[in-house]
Amino acid sequence: MIALGGAIGTGLFYGSASMVQMAGPAITLAYLLGGSVIFFIMRALGEMAVEHPVSGSFSQYAYQYWGELPGFIAGWNYWFNYVIVQMVELSVVGIYINYWYPGIPTWVSALVCLIVVTFINTINVKAFGETEFWFAIIKVLAIIGMIVFGLAMILFGVGNGGQPVGISNLWVHGGFFPNGLQGVVLSLVLVMFSFGGVELVGITAGEAENPHKTIPAAINQIVWRILLFYIGALTVILMIFPWNQIGATGSPFVQIFSYVGIPAAAHLLNFVVLTAAVSAYNSALYSNGRMLYGLAKQGNAPRMLAKLNSAGTPVNAVLVSTGFTLITVLLSYLNPEKVFLYLMAVATISIIINWATIVLVQLKFRQAQEQAAKTPAFKMPLYPLASYVSLAFLTGVVGIMAYMPDLRFSVYIAPVWLLCLYIGYKVKNSAP
């Protein structure tokens, strides 16, 4: 449920409108392709998480199997990524609130959400787990309900005057590939951003009661469940409503039910997408606290961040992560229209670095296992081919981002950020 909570969020409920505009009905193929690669990345992480269930996840694995510098970079980049993800989720909370209360500034909603979620994360891990479980339940049940209700509209005309909507919207408005193959390729960037969060399973390994049993089960189930929810929900939406009339602002889930004259359903779905954003923010803050804690235990972050409260929660690490997320409140005040796109681009490039690190470290891990004549208990299928194909795919996504003018800046930011991390590592090691 935690992995579902992290991955089913703003990417699906808000960003999906932009993806549909790029690829049309063929967006479902982009999700199939991206989801297949994510499956192999998750299995790569699963190999290591089952063998070494620790908080801090692949930063610890990079530190152990690749070296101090890769471990330092992996940990801090993961933390940076999820600070940005927190910002992305916070940036849209105000948009959903404005659906009901247009007079409330978006930065006010973001600030209230930040305070409440931070409080939850400083209590104990059970408070986080219970909150995230119920957030995820709301999202999952809402998507299932939307799919069932949408199929009733498509097949029986429920909510449409008894006139079945049918499925012709999948091809009558310019075809299944209205923008050609290029549209599908360009949409892969937003698709991969949508999948960000599935690796939270690895972060939770150190606090799972029986990681050798629960981690493989979660990893094997999470990818096909996410594919079902994403592809199923979007396919129903694209059947009900012409793809070229789905607006690029707001949630298409809410828009569609508003357009077909079901205001009560639209209000309910707006509540769902709001909880989805808060849920994903909750997951991101949880993972950031644990990553900073892991870095502090390695000696790669200030020792104060390794402090636990009486409930075993790394409260200082959580509060520091929240402090950086406050930047979102400022951005939402200065430029609320563009903040989502900019933050999404930076988040995508940093999550790609994380995923590439997972695969590269898994290759190192497998080499170490082979040298020790050991066999992983939870082997990645199609190794090593799947590892190299995944790396090639991630490299291709970066190339696509470099091609897109609105996202190109994030590709330039990546090497500068990595250089800053390298300098930080050198400074840390040169300190007495």
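In this predicted model, Leu382 is exposed, with a relative accessible area of 58%. That value lies over the 50% cut-off, so the residue counts as exposed rather than partly exposed. Leu382 is found in the loop between α16 and α17, and its phi is near 60°, a positive value in a residue other than glycine. Ala373, also placed in the loop between α16 and α17, likewise has a positive phi near 60° without being a glycine. Its relative accessible area is 72%, so Ala373 is exposed as well. The loop has a further backbone feature to look at: Pro384 is located there, with α17 covering residues 385-403, and the peptide bond leading from Tyr383 to Pro384 is cis, with omega near 0°.

Side chains of opposite charge can pair when their charged atoms come close. In this model the count of salt bridges comes to one. The partners are Glu47 and Arg366, with an N to O distance of 2.1 Å. Glu47 belongs to helix α4 (residues 27-51) and Arg366 to helix α16 (residues 339-371), so the bridge links distant parts of the chain, 319 residues apart. In contrast to the exposed Leu382, both Glu47 and Arg366 are buried.

Two packed helices are described by the angle between their axes and the distance between the axes. For α4 and helix α9 (residues 180-195), the angle is about 50° and the axes are 9 Å apart. This makes α4 oblique to α9, and the crossing is right-handed. On the α4 side the contact involves Ile27, Ala30, Tyr31, Leu33, Gly34, Gly35 and Ile38, which meet Val184, Ser187, Leu188, Val191, Met192, Ser194 and Phe195 of α9. Sorted by class, this contact has 10 nonpolar, four polar and no charged residues.

The second pairing brings helix α3 (residues 16-23) to α9, with axes that come within 8 Å and cross at roughly 165°. Because this angle is over 145 degrees, α3 is roughly antiparallel to α9. The crossing of α3 and α9 is left-handed. Ser18, Met19, Met22 and Ala23 of α3 make the contact with Gly183, Val184, Leu186, Ser187, Leu190, Val191 and Ser194 of α9. By class, seven nonpolar and four polar residues take part in the contact of α3 with α9, and no charged ones.

Key
Residues numbered from 1 in each chain as written. Predicted model: local features only at pLDDT ≥ 70, side-chain atom pairs only at ≥ 80, totals over all residues. Heavy atoms only, no water. Salt bridge = Lys/Arg side-chain N within 4 Å of Asp/Glu carboxyl O. Helix = DSSP H or I, 4+ residues; strand = E, 2+ residues; numbered from the N terminus. Buried < 20%, exposed > 50% of the residue type's maximum accessible area, 1.4 Å probe, protein only. Axes fitted to C-alpha atoms, helices over the stretch in contact; angles between N-to-C directions. Parallel < 35°, antiparallel > 145°, perpendicular 65-115°, else oblique. Left-handed = near helix turned anticlockwise from the far one by under 90°. Contact = heavy atoms within 4.5 Å. Nonpolar A, V, L, I, M, F, W, Y, C, P; charged D, E, K, R; others polar.
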